[in-house]
Amino acid sequence: MRSDKIEKSRTVLGKTIAVLALLTMILAFLCGLGCTSDREQHGASGTTIVFKHGKIAGNPKPFRDLLDRFERENPGITVKDETLPASTDEQHQFYAINLDSKSNDFDVLSLDVIWVPEFARAGWLRDVTRVLAEGEQNAFFPGPVQAVTQDGRLFAVPWYIDAGLLYYRTDLLKKYNRSAPKTWQELVKTAQEITEKEPNLYGFIWQGKQYEGLVCNVLEFIWSDGGGVLENSRPVIDSPPNIEALQFMRDLIVKWHITPSLVLTAIEEPTRHIFGSGRALFMRNWPYAWSVFRSEDSAVRGKVGVAELPSFPGHVSAPALGGWQLGVNRFSLHPEEAEKLIRFLTSLSVQKTLALTVGYKPTRKALYKDPDLLREQPFVGSLYSIFMRARPRPVTPYYMMITQVLQPEFSAAVAGIKTPEAALGSAQRQVEQILGEKL
Amino acid sequence: MMERENGNRFVMPAVVLLSLVTIYPILSVLYLSLQRRLPIFDVSKFTGLDNYRFLLTDDRFWNALRNTVYFAATSVTLELLFGLVIALLLNRSFRLKGVVTALVLIPWAVPTVVSARMWEWMYNTDFGILNYLLGMKINWLGSPFWALNAAVFMDVWKTMPFVVILLLAGLKMIPRQIYQAARIDGAGAWSIFMKITLPLLMPVILVVLIFRTLDALRIFDAVYVLTGGGPANTTETLSIYAYKVLFQTLQFGYGSTLSVVVFLCTGSLSVLYMRLLRAEGSR
């Protein structure tokens with residue numbers, strides 16, 4: 001009786017394993033089918049260059065069409081585009097590991113604005129100054145150009161741009177006869193007045209989780225109070241304006257109660273959700289949110305305005321610069337062709353197509369007066385002055401080390417674990433140590 | 001003699017393969033941990049124990065170590081306690097037992113990153129289900145007190161099924177006759193549990209402890225997705241710190257030192273457990 005049972009359970013187990021194995025094989029086969037790219041059979045002769053980039057927003061078709069156009073215009077060159085993992089950290093990790101081992105598996109790479117000095121210093125990027133004609137740099141916004149320049153040489157070409165914006169509810173401001181705030185103090189006042197009368201409405205939301213986005217948020221307050229992180233390559237992190245600005249951010253939560261403490265765990269998307277469901281008056285976010293609010297099923301459709309971020313009195317608004325650049329792998333076997341692709345992708349006409357199809361904001365200033373683009377997306381015109389002011393985070397090869405110090409210290413200050421003085425003092429000492437070390 | 005030589009010959013392929021895939025990487029990380037290696041600045045030099053000396057003065061390391069030990073101790077204890085209770089319940093026969101067992105197992109089947117994202121939403125102050133059910137406004141992941149405990153709780157939810165399965169298998173192996181004999185001798189439920197179930201289950205419990213403690217000491221993905229180490233590094237574990245140093249700031253030498261420390265922690269603990277297990281087996 002008992003051995004019967006064991007026998008039975010054994011066959012059941014055996015069958016289960018067999019079925020699982022079969023399923024795995026089928027899955028592997030299907031994967032194999034799906035992953036064999038049809039690009040492998042493309043172009044028998046000529047060179048193939050590999051272009052690594054993050055996920056293209058929305059529909060990937062228009063982007064591939066552009067690459068096909070490049071192939072037609074440049075016979076003999078085939079472009080293989082390969083998408084990296086969505087997370088920026090993972091992309092950085094991928095590049096670092098591969099470039100450190102001098103990989104030439106890819107030729108053109110897309111770079112977050114904060115990586116360029118680091119990669120350039122490591123000798124991983126080719127000097128691409130000559131991709132742009134003499135004086136052509138002036139056609140681009142100054143922020144991104146500053147971020148890709150080292151010792152007067154260009155190590156990448158700005159591809160598309162991002163910057164922090166202030167989103168506000170036009171309907172509510174109108175109802176209470178207010179306008180978009182110019183100073184942070186005005187923002188506090190307006191938010192307090194309106195949230196008092198509107199139940200279930202947050203005054204001002206931003207991104208306060210311990211991550212790179214928090215650094216952007218804090219720097220926008222610090223810069224718009226005349227502060228900064230480095231001055232002539234020396235850390236000035238514990239300066240009075242920095243302390244004042246960081247204290248102000250903490251006060252938004254605990255003193256004026258216009259920012260809910262949930263921002264301490266928020267990255268971009270959760271704040272976009274809250275604002276998008278009509279539950280916040282002001283929000284700091286990147287331009288991408290705009291097109292989401294414009295969609296048919298958006299609860300705030302037609303009720304959203306965008307303005308420059310406020311500043312402290314007597315200072316100017318200072319949105320943090322984001323966006324992506326294109327560089328050439330120093331170990332690439334086809335640098336000429338790679339440069340051609342970069343010239344193509346950053347050209348006026350391609351940037352225009354990308355703006356119209358996937359919403360990438362051009363790095364070339366001229367497009368902000370382009371009639372076609374303005375007709376399709378009138379909003380883009382209002383971004384011009386904001387992008388002109390966009391400020392890169394400290395342009396130094398040490399940036400990734402510095403931000404690893406800033407993230408937890410800024411987080412400690414906004415979460416109230418340390419006072420701003422203590423947090424900034426500790427950050428100052430740590431950054432001094434990083435920069436002071438003899439290498 | 002002959003037989004032994006043959007035996008050696010037969011295990012050779014396994015030894016070679018194992019050294020290739022485990023021993024070589026371990027040795028190269030050990031070697032890296034003795035170097036100052038910053039590819040960005042083209043620095044690569046042997047510095048002996050400098051990295052380990054720096055470790056002693058690195059507050060962030062001690063903070064990460066504290067978090068890791070706290071995380072491992074609390075999560076493993078809770079998993080074992082809850083797991084034991086559930087395993088005992090499932091060991092009885094009742095209707096719908098199959099359904100209940102399947103339900104208990106679900107969390108284990110969900111990929112870690114998915115469950116971490118799920119919990120991130122459930123912990124959300126504003127529209128998280130947890131605060132909704134409790135009728136409170138607790139900032140689970142944003143407050144230094146709750147964040148690490150929230151991560152522990154998620155881990156307990158996620159890995160308890162694993163503990164339940166192992167313990168259930170252990171319970172099934174205890175012969176029914178022993179229980180019958182005990183009952184005839186007039187033993188109560190509590191003394192049966194203390195004198196029969198628990199001692200006979202000990203080897204399985206030790207195995208559970210080995211697996212779970214080693215996993216918990218290396219915890220990375222779940223916490224990284226849930227909090228990224230914040231707020232203010234209050235949930236930063238050793239593995240997260242090592243990851244940031246290695247792959248975000250690209251300090252390959254010091255990052256390897258941190259990895260070696262993780263390895264030493266888990267390694268020494270597994271040796272300890274193995275000893276206990278052997279003592280248990282020879283009793």
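Some conventions come before the content. What you see is a predicted model, in which local features need pLDDT of at least 70 and side-chain atom pairs count only at pLDDT 80 or more, while totals for chains, interfaces and linings use all residues. Residues are numbered from 1 along each chain as its sequence is written, and chains are lettered from A and ligands numbered from 1 in the order in which they are written.

I start with chain A. Its domain assignment gives domain 1, 40–162 + 322–389, and domain 2, 165–318 + 398–436; such bounds come from an automatic or database domain assignment. The C-alpha centres of the two domains of chain A are 29 Å apart. Between them, 13 residues of domain 1 of chain A are in contact with twelve residues of domain 2 of chain A, where contact requires C-beta atoms, placed from the backbone, within 7 Å. On the domain 1 side, the elements giving two or more residues are α4 (116–121) and α15 (384–389) of chain A. Helices here are DSSP runs of H or I with at least four residues, strands are runs of E with at least two, and both are numbered from the N terminus. The largest share of that side, three residues, comes from α15(A). By class, the domain 1 side has five nonpolar, four polar and four charged residues. For those classes, Ala, Val, Leu, Ile, Met, Phe, Trp, Tyr, Cys and Pro count as nonpolar, Asp, Glu, Lys and Arg as charged, and the others, Gly among them, as polar.

Next, chain B. It has twelve helices and two strands, and its C-alpha trace spans about 75 × 75 × 30 Å along the principal axes. Of the 283 residues in chain B, 34% are buried. Buried means 20 or more other C-beta atoms within 10 Å of the residue's own, exposed means 12 or fewer, and partly exposed is in between, again with C-beta atoms placed from the backbone. Taking contacts in chain B between residues at least 6 apart in sequence, 69% join residues at least 24 apart.

The two strands are β1 (residues 35–38) and β2 (residues 43–46) of chain B, which run antiparallel and are joined by four bridges. Strands count as paired if DSSP finds at least two bridges between them. Leu38(B) stands opposite Val43(B). The hairpin has four residues between the strands, and Asp42(B) takes a positive phi near 60°.

How do the chains meet? 22 residues of chain B are in contact with 26 residues of chain A. Helix α11 (residues 238–248) of chain B gives the most to the chain B side, with three residues. That side has eleven nonpolar, nine polar and two charged residues.

Now the core. A nonpolar core is a set of buried Ala, Val, Leu, Ile, Met, Phe, Trp, Tyr and Cys residues joined through C-beta atoms within 7 Å. The largest one has 168 residues, and those with the most contacts inside it are Val116(A), Ala156(A), Phe282(A), Ile342(A) and Ala151(B). Helix α7 (residues 144–173) of chain B supplies the largest share, twelve residues. The core also draws at least three residues from each of domain 1 and domain 2 of chain A. Beyond four places in sequence, Val116(A) touches several residues, among them Ala156(A) and Gln325(A).

Eight of its eight residues are buried, so β13(A) is largely enclosed by the rest of the structure. It pairs antiparallel with β3 (residues 108–112) of chain A over five bridges, with Leu109(A) opposite Gly327(A). Six bridges join β13(A) to β6 (residues 157–163) of chain A, also antiparallel; there Pro158(A) is the bridge partner of Gln325(A).

Last, Lys418(A), in the loop between α16 (399–414) and α17 (420–436) of chain A. Is Lys418(A) buried or partly exposed? Lys418(A) is partly exposed, because 18 other C-beta atoms lie within 10 Å. Leaving aside neighbours within four places, Lys418(A) is in contact with Ala412(A), Ala413(A) and Ala423(A).

Definitions and conventions
Two residues are in contact if their C-beta atoms, placed from the backbone, lie within 7 Å.
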